[in-house]
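Here is a short report on one protein model. It looks at the nonpolar cores first, then at a sheet and the helix beside it.

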Amino acid sequence: MRQPSLKWLLVSRLVTLQACMIAAALLIITAALWSTGYLLDDYEGASLDVLAEATERDMAGELVLRETPDLVNLRTGAPDLWFAIRDKQGHRLQKGSIPPAYLPAIAMLDQLSDARLSNQPELAGKPDAVIKWVDSPAGRIQILTGTKGQMSVQRLARGISGGLTSLILPVIVLMALATSLATPLVVRRALAGLRRTVAQAAHIEFDKRGTQLQASDVPIEIRALVRAVNDALMRLDAGYERHQHFLAQAAHELRTPIAILNARISALPAGTDKRDLLEDAARLTTLAGQLLDLQRLDQKRNHFQPVNLTAMAKQVLLDLGPLALGAGYEVNFEPEGDEVLVIGDQTSLERALTNLVQNAIDHGGRHGTITVRVGKSHFIEVSDEGNGIAWDAREQIFEPFNRLGPDGRGAGLGLNLVREIMQLHGGGIAVVNAGSKGACMRMTFPSEKIADGGVRVA
């Protein structure tokens, strides 16, 4: 399910709250007026409204009264009901005993529009009679009547609903529009610090220890979450440090017995057993070196220097050449120049190339030629004439603990380590088609030039 936006969640809830508050205020005011009797007893238009709704015309066009339920109730509550009704065409309807004080007003209806009549000085309080032009089923009429009766509940409800439609509802609409415009701005401003914290979190990497998210600019309601994330990052950093320390210690502890093992194997007479033991010891040496390299990768670019890829590749082949020849391969070295410079860590790059040559020895089928090429466009290729690598496995082989085959004897860390080293140097490692019968692995470096002093320039 799509999660609602905080902005629109706040807008909808604020608008709902405002509408409920206005409705509650209206109900409270109405209830207060009702409890005081003002709406019921002091309403001066009760009889006027009932007469207006009951007035209609007969077949001859004369004004008549229809006995509506409200009119019956009015007459029951006010037996002395009196009124005078006329229209602009001169039709008149008059009933009841009109008080003598208001008889002159009947004669002057043509000269009057609306009026409030009372025997009290200054018309204080509710008047005794009213004159008013109103709309009715018979059209526009003028009514003179006494202020009898009370406001009915239905009439009060219609009045409130009319006021809600004409006054309160437009206010709610305007408030909703204002809230819809203002709330996103308020939310964006309030969460500006959180967006900066999110941007910081997006740049957290597993090898960037000590990173902490900024909590000072985020709202106090979210600050606890940011602090919990920071605490989790600290625990992860501590666990990573223990892991790295273990790798370094394990690699150092392995180097001494491996060196003793190599020395004892070298003293054995030549033969198939000695060759196999030397290959196994070489794998142990490679594994110990890989563990050390995993720990050394933390140093990153702190000690990068110019590295001559041609000289480095030549040295790796000199170290592994006897092992390759003893396994039944020919070795070919194809440099395109005596000096191809890149900026990097020579020890890590030597380890990466050693892993590729070692893989060629292990998986080249023990026949054919292992070729190492150094290109002027800053790349190194290692190819063999074995069975090659399946197309759908060309990305999987760089994952940790992924072996090239079910019979592989390595730990599955070599190619993953090569990829980590090349990413550290801003380059990459990939399986390419370079015309060889088997597999061809290419280490690609950035193409920046090396200026005097070993500085990389664009």
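## The largest core

In the largest nonpolar core, which has 41 residues, L353 and M441 touch the most other members. A nonpolar core is a set of buried Ala, Val, Leu, Ile, Met, Phe, Trp, Tyr and Cys residues joined through side-chain atoms within 4.5 Å. Buried means under 20% relative accessible area (1.4 Å probe, protein chains only). Helix 10 (309–326) gives the most to this core: eight residues. Helices are DSSP runs of H or I with at least four residues, strands are runs of E with at least two, and both are numbered from the N terminus.

This is a predicted model: local features need pLDDT of at least 70, side-chain atom pairs count only at pLDDT 80 or more, and totals for chains, interfaces and linings use all residues. Residues are numbered from 1 along each chain as its sequence is written, and side-chain values use heavy atoms, without hydrogens and water.

## Around L353

L353 touches M312, A313, V316, I380, V382 and M443, leaving aside residues up to four places away in sequence. Contact means heavy atoms within 4.5 Å.

A second, separate core has 18 residues, among them L63, L81, F83 and L93.

Five strands form an open sheet in the order 9-11-12-14-13, with mixed pairing. Two strands pair if DSSP finds at least two bridges between them. Strand 9 (330–335) and strand 13 are at the edges; each has a single partner strand, so one side of each lacks a neighbour in the sheet.

Strand 11 and strand 12 pair in the antiparallel sense over five bridges. G375 stands opposite F379 in strand 12. Helix 10 packs on the sheet and touches strand 9, strand 11 and strand 12.

Key: Buried means under 20% relative accessible area, exposed over 50%, partly exposed in between (1.4 Å probe, protein chains only). Axes are lines fitted to C-alpha atoms, for helices over the stretch in contact, and angles run from 0 to 180 degrees between N-to-C directions.
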